[in-house]
Amino acid sequence: MKMRITVGFMLLSIVMYGCAPSVSDQITTGLNHPSSPCKDGTFLHLKTKDIESLTLKELELLKIKEQACAEHQSNMIAAAHIAKGAAYAGEVTLSIYLTAVIASLVLLVIQQNK
């Protein structure tokens, strides 16, 4: 009876671990937010115009929007590196966790055979 309860708890914890969103998923979701300054309609419109036809105000706005876009892209690259590291850490954690579950099952089987 003890073995069934222990195995049940182990299986339940494995299922719960698999259902939890990873850190990398959370970061990636944040990166795909539609408010990217690189996708801003005004910025995209100004980029299509000939530079010589832009007014001083439009040139200044384009410069500001280009800086915001460059900063956003830099942040995305940094976040992608963080997400990659988090994914690796999650894989290592899962490997350790599964090893512990298997070791526990082996110990239970050995204990039952005594």
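## Core and helix packing in a predicted model

The largest nonpolar core has 6 residues: Cys38, Phe43, Leu46, Leu54, Leu62 and Cys69. A nonpolar core is a set of buried Ala, Val, Leu, Ile, Met, Phe, Trp, Tyr and Cys residues joined through side-chain atoms within 4.5 Å; buried means under 20% relative accessible area, exposed over 50%, and partly exposed in between (1.4 Å probe, protein chains only). Helices α3 and α4 each supply at least two residues of this core. In soluble globular proteins, nonpolar side chains tend to be buried together.

The model is predicted: local features need pLDDT of at least 70, side-chain atom pairs count only at pLDDT 80 or more, and totals for chains, interfaces and linings use all residues. Residues are numbered from 1 along each chain as its sequence is written, and side-chain values use heavy atoms, with hydrogens and water left out.

The chain has 4 helices and 0 strands, where helices (H or I, at least four residues) and strands (E, at least two) are DSSP runs numbered from the N terminus. Of its 114 residues, 12% count as buried.

Helix α3 (residues 41-48) and helix α4 (residues 56-113) have axes that come within 10 Å and cross at roughly 120°. Axes are lines fitted to C-alpha atoms, for helices over the stretch in contact, and angles run from 0 to 180 degrees between N-to-C directions. Contact means heavy atoms within 4.5 Å. On the α3 side the contact is made by Thr42, Phe43, Leu46 and Lys47, and on the α4 side by Glu58, Leu61, Leu62, Lys65, Glu66 and Cys69.

For α4, 58 residues at 1.5 Å a residue should span 86 Å, and the end C-alpha atoms are 85 Å apart, which agrees. The expected span is 1.5 Å times one less than the number of residues. The buried residues of α4 are Leu62, Cys69, His72, Ala79, Ala83, Val101 and Leu108. His72 has a relative accessible area of 18% and is therefore buried.

| Residue | Contacts (heavy atoms within 4.5 Å) |
|---|---|
| Cys69 | Pro37, Cys38 and Phe43 |
| His72 | Ser36, Pro37 and Cys38 |

How values were computed
Lists of a residue's contacts leave out its neighbours within four places in sequence.
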